[in-house]
Amino acid sequence: MAHKSAERVRPLSPHLQIYRWPVTMATSIAHRAAGIALSAGTILLAWWLIAAATGADAYHVFAASAANPVGQIVLFGLVWSLAFHLFNGIRHLVWDIGRGFEVRTANRSGVTVAVLSILATIAVFLLSHGVLH
Amino acid sequence: MTGTQTPLARVEGLGAAHAGTGHFWRQRVSAVALVPLSIWFVYAALAVVGADREAAVAFLHQPVNAIAMALFVIAVLHHSVLGLQVVVEDYVHTEGWKIAILLFNQLFAWILGAVSLFALVKIAL
């Protein structure tokens with residue numbers, strides 16, 4: 001007996017949640033997300049410069065905010081965003097001169113950039129906490 | 001590709017978006033500038049992290065550091081405005097909202113830039 005069409009499981013056209021994420025798609029989305037985060041980060045850069053120009057009290061408020069756990073999480077995210085956007089940006093510049101478009105190469109460079117960004121973030125954090133000095 | 005273009009349209013070279021390659025090119029120029037500048041910025045941040053205001057002021061008082069920081073602020077805001085503009089154009093489809101957000105994007109960056117550079121001049125001089 002035939003179901004009414006509304007009850008039948010209809011085939012869906014593929015969309016974001018259906019596709020297995022290819023490396024190139026994941027790095028493209030991450031590049032944009034990191035760029036947006038870094039844009040917001042320019043407000044913190046302005047805050048740091050204003051605090052340094054204003055005085056010891058203002059600077060202390062900034063430094064204390066940066067050092068508390070929430071500040072550290074935000075800064076960790078920004079350092080990763082900067083590392084990823086920088087490395088992946090170089091990957092984009094290589095594409096701009098017409099190289100690295102083969103699927104294998106593009107996938108490999110994407111994984112390389114992701115791994116490097118995580119390693120660089122960890123290195124910067126260890127350095128900032130005086131671990132690697 | 002140029003078959004249906006008028007001679008005027010061809011010499012203008014602006015294409016369907018009426019903007020040519022201007023946006024693309026400025027994005028690449030600022031990107032290339034930011035490769036060394038952002039590496040320098042990480043070095044600068046590590047040089048003053050955990051230190052008090054005196055150390056940060058002393059660092060930015062050095063002419064080379066003040067100039068590099070000024071270049072970083074300018075390049076990063078320029079690059080950020082261009083990047084956010086593309087995001088807005090991609091996802092905001094209501095014309096009024098799009099123009100309003102693009103205006104805010106541009107004007108807010110000018111304010112951030114003016115404030116940041118003023119603070120930097122005050123420290124460096």
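Predicted model: local features only at pLDDT ≥ 70, side-chain atom pairs only at ≥ 80, totals over all residues.
Local features are described where pLDDT is at least 70 and side-chain atom pairs where it is 80 or more, while totals for chains, interfaces and linings use all residues. Residues count from 1 along each chain as its sequence is written, and chains are lettered from A, with ligands numbered from 1, in the order in which they are written.

**View 1. Chain B is built from helices.** Chain B has five helices and zero strands (helices are DSSP runs of H or I with at least four residues, strands are E runs of at least two, and both are numbered from the N terminus). Its radius of gyration is 19 Å, well over the 14 Å that the globule rule gives for 125 residues, so chain B is more spread out than a compact globule. (That radius is taken over C-alpha atoms, and the rule is 2.2 Å times the number of residues to the power 0.38.) Along its principal axes, the C-alpha trace of chain B spans about 65 × 30 × 25 Å. Buried residues make up 20% of chain B; "buried" means 20 or more other C-beta atoms within 10 Å of a residue's own, "exposed" means 12 or fewer, and "partly exposed" is in between, with C-beta atoms placed from the backbone.

**View 2. Here's helix 2 of chain B, with a bend in it.** Count 1.5 Å a residue and the 27 residues of this helix should span 39 Å; the end C-alpha atoms are 37 Å apart, which agrees. (The expected span uses 1.5 Å times one less than the number of residues.) Helix 2 of chain B bends by about 40° at L34(B), and the proline P36(B) follows within four residues. The bend is the angle between axes fitted to the seven residues ending at a residue and the seven starting there. S30(B), A31(B), L34(B), L37(B) and S38(B) are buried in this helix, and its buried residues pack against helix 3 of chain A and helix 4 of chain B. Just after the helix, G50(B) takes a positive phi of about 80°.

**View 3. This is where chain A meets chain B.** The contact takes 24 residues from chain A and 25 residues from chain B; two residues are in contact if their C-beta atoms, placed from the backbone, lie within 7 Å. On the chain A side, helix 1 gives the most, with 13 residues.

**View 4. Now for the largest nonpolar core.** This core has 26 residues, and those with the most contacts inside it include L49(A), Y59(A), L60(B) and L120(B). (A nonpolar core is a set of buried Ala, Val, Leu, Ile, Met, Phe, Trp, Tyr and Cys residues joined through C-beta atoms within 7 Å.) Helix 4 of chain B gives the most to this core, with eight residues. Leaving aside residues up to four places away in sequence, L120(B) touches L49(A), L60(B), A66(B), M69(B) and A70(B).

**View 5. Last stop: T121(A).** T121(A) sits in helix 4 of chain A. It counts as partly exposed because it has 19 C-beta neighbours inside 10 Å. T121(A) and A83(A) are 38 residues apart in sequence, yet 6.7 Å apart in space, C-alpha to C-alpha. Not counting residues up to four places away in sequence, T121(A) touches F76(A), V79(A), W80(A) and A83(A).
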